[in-house]
Amino acid sequence: MFRLDKIFIAALLLIAAPAFCEERFERTFSRTQTYQGGRISIDHSMGAVSVRPGSGNNVIVHALIRSSDAEIGKAITVSVSTASASGITIRTEYPEMHLHFGNISYSVDLDVTMPANAPLTVHDRFGSIDVSGIHAASEIVNAQGSVALRDARGTQRVESSFGSITIENSAGDTTVQNANGSVRAVNVDGTLVITNRFGSVNVNDTHNVTIRNANGSVELRDVAGNATIVDSFDSVTVANVSGDLDLNNQNGRVDVRDIKGRAAIKNTFGPTAFVNIGRDLTVTANNGKVEGSHTGGGATITGSFDEISVHDIGGSTRIKNANGNVTATDIRGNLEIDTRFGLTRVELIKGSLDVDNANGGVTATDVSGGVRVHTSFAPVLLKTIAGRVTVENANGSISVSDLRGACADINLRTSFASIKLDVPHNNGYQVDARTSFGSITTAIPITMTSKSDNALSGTIGNGACHMQLETANGGIEIH
Amino acid sequence: MTINCNQLDDLLLEGDPSSLDLAARHAQSCAACMETLAGWNEISDTARGLHATWNSDLLWPRIERAIKGERRSTRTRVWQIAAALLLLAALGATAWIAQRRMHAAEFDEAILKASAIDEVEQAEKAHIAAINHLETLASAKLDQASTPLMVSYKEKLLMLDDAIAECQTAIDKNRQNAYLRTQLLTMYSEKQRTLRDVLREDSNHVSTR
């Protein structure tokens with residue numbers, strides 16, 4: 001019997017040993033008040049706050065108080081004000097702990113159940129906030145802690161500084177502000193405004209949205225209405241916006257697709273890509289590549305120091321670049337290109353073409369309108385053109401072939417390079433060709449009015465259109 | 001004791017000597033009851049005459065075995081009940097200990113144990129050493145921050161320093177609070193990541209991420 005007693009006591013000591021090693025003080029607090037109107041205000045710190053809607057008209061406060069010291073644990077108070085028409089205030093208060101040299105620790109987790117239609121204010125420091133099912137305006141502010149707001153109605157304002165923010169299913173206008181934490185918003189029916197500084201922003205399925213971020217990526221999908229985004233130093237991805245898009249980024253990749261309205265994109269020092277823009281597109285991109293296809297309207301694209309490549313544009317297009325190649329294909333409208341130091345290649349233009357280049361070659365194929373090209377120090381190759389052709393080059397060759405459609409004037413001028421022209425069989429021209437140091441050769445019959453080694457005047461066919469070919473120090477070939 | 005005729009049957013059914021004696025005394029003064037009593041006695045005599053006995057060598061050992069078996073099974077049942085009670089007690093104790101440990105673990109997740117604090121503080125020291133090293137390397141770039149990106153990194157680092165100081169002040173009064181410690185480690189990691197980003201950036205060029 002004595003032996004059994006000893007074993008039993010030893011077992012008890014073994015079980016209780018950890019309790020003797022370090023104190024674990026824990027107590028709960030509960031208070032219920034009948035809601036009489038006004039705002040529910042929660043002022044908390046050092047612990048999590050959870051707010052849920054209740055079925056009745058009561059405000060029920062549960063707190064779990066933990067401390068490594070019973071004396072301190074007992075001194076921690078959760079005060080709940082008496083209910084009045086102005087609302088109920090719930091506050092956590094901690095005793096001063098200067099005498100304990102910081103070796104005492106504590107935390108309080110707060111669970112509040114409240115009527116769903118009561119306005120709510122929650123302030124917390126050093127703890128997470130989790131609010132769901134609130135159907136009135138609320139303000140949720142956290143410092144150094146995450147915030148989650150779910151299934152809310154009414155105007156919502158959510159703020160944090162060092163913690164993630166999650167918004168799910170908010171039926172009212174929602175404003176979110178963060179500093180150094182991610183923001184994620186899903187299914188916001190009201191207007192959504194997000195401001196962040198050094199964290200990512202991820203938004204899905206929302207209405208009109210404005211996002212201002214810096215040093216953090218932005219990902220936005222499925223917007224009913226318009227979207228406005230300002231960001232820098234990170235990537236921006238936008239997909240499926242039913243309205244217009246205004247996007248301003250710096251130093252980051254921009255990827256935009258499926259915008260039903262117009263899109264205005266500004267970007268610097270990062271590539272810009274777009275696909276499927278419903279209406280007009282404006283892109284201003286400095287020091288970054290621009291690449292994209294499919295717009296319902298026209299496009300105005302301004303770039304510098306990098307390549308611009310566009311395809312399948314539904315209206316008039318203006319491209320301005322510097323020090324970068326330009327490629328434009330399948331443009332259903334007039335095309336204007338202004339570039340420097342880069343190759344210009346265009347194809348399948350359902351309108352006129354106007355290229356102003358310098359120190360860069362120009363290749364154009366299948367243009368249904370007139371063509372005007374100005375460049376220097378690089379060749380110009382034009383093929384399958386259906387309108388008037390005017391080329392002003394310097395120190396670069398000119399080659400024009402497969403001219404189609406009704407007779408149109410041809411005016412080709414260069415220097416220190418050759419000119420080659422394939423004349424259509426059924427059109428007539430008044431020919432005026434001259435060169436300074438080169439020969440003029442022709443493989444088609446021309447009724448000469450004057451001819452020398454360096455100049456030729458005459459008529460091809462009925463001479464209905466003008467053909468002026470002029471170079472210096474280069475040959476002229478007419479086929 | 002005086003009885004009436006209605007009570008006669010009950011007395012006869014009782015069958016003990018005093019009941020039968022009482023019934024006989026009543027019958028002497030009541031003819032109908034005397035007749036009933038006579039009939040009862042006749043049936044009793046007939047039944048007594050029908051009684052037969054015989055010797056069986058097997059009956060008693062069987063009864064004895066049955067009684068012993070019953071005693072054994074009773075003892076087994078007692079043991080079974082005791083074992084079940086013991087098992088129940090053991091299970092209850094195990095559940096109680098498990099619940100208590102789970103509770104303690106939940107507590108320890110909120111308020112760190114002293115041994116865990118030592119580990120956390122060692123990790124913090126490692127972070128601080130790494131940050132100091134990175135700050136030394138990055139200081140030249142940050143001091144001459146000329147690009148918007150560098151200015152932005154500088155701003156972020158200042159913001160992180162403020163937040164770290166705020167967290168540290170809270171830790172001074174609440175040393176074992178797990179949330180504060182986690183938050184501080186997160187910010188140290190963030191600061192290291194930012195400093196590494198600063199070092200990766202070529203200060204003469206702007207980022208093209």
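Modeller: Start with helix 5 (residues 114-143) and helix 7 (residues 178-200) of chain B, whose axes come within 9 Å and cross at roughly 25 degrees. Axes here are lines fitted to C-alpha atoms, for helices over the stretch in contact, with angles from 0 to 180 degrees between N-to-C directions. Helices (H or I, at least four residues) and strands (E, at least two) are DSSP runs, numbered from the N terminus. It's a predicted model, so local features need pLDDT of at least 70, side-chain atom pairs count only at pLDDT 80 or more, and totals for chains, interfaces and linings use all residues. Residues are numbered from 1 along each chain as its sequence is written, with chains lettered from A and ligands numbered from 1 in the order in which they are written.

Colleague: What makes helix 5 of chain B roughly parallel to helix 7 of chain B?

Modeller: Angles under 35 degrees count as roughly parallel, over 145 as roughly antiparallel, 65 to 115 as roughly perpendicular and the rest as oblique. The crossing is at roughly 25 degrees, so helix 5 of chain B is roughly parallel to helix 7 of chain B.

Colleague: Which residues of helix 5 and helix 7 of chain B meet?

Modeller: Among them are Val120(B), Ile131(B) and Leu134(B) in helix 5 of chain B, and Leu184(B), Tyr188(B) and Leu195(B) in helix 7 of chain B. Contact means C-beta atoms, placed from the backbone, within 7 Å. By class, this contact has 14 nonpolar, 2 polar and 6 charged residues. Ala, Val, Leu, Ile, Met, Phe, Trp, Tyr, Cys and Pro count as nonpolar, Asp, Glu, Lys and Arg as charged, and the others, Gly among them, as polar.

Colleague: Why is Lys173(B) called partly exposed?

Modeller: Buried takes 20 or more other C-beta atoms within 10 Å of a residue's own, exposed 12 or fewer, and partly exposed is in between; C-beta atoms are placed from the backbone. Lys173(B) has 19 C-beta neighbours inside 10 Å, so it counts as partly exposed. Lys173(B) lies in helix 6 (residues 148-173) of chain B.

Colleague: And why is Glu96(A) exposed?

Modeller: Glu96(A) has 8 other C-beta atoms within 10 Å, so it is exposed. Glu96(A) lies in the loop between strand 6 (87-93) and strand 7 of chain A.

Colleague: Where does chain A touch chain B?

Modeller: The contact takes 32 residues from chain A and 28 residues from chain B. Helix 1 (2-21) and strand 7 (106-115) of chain A each supply at least two residues of the chain A side.

Methods:
Contact = placed C-beta atoms within 7 Å.
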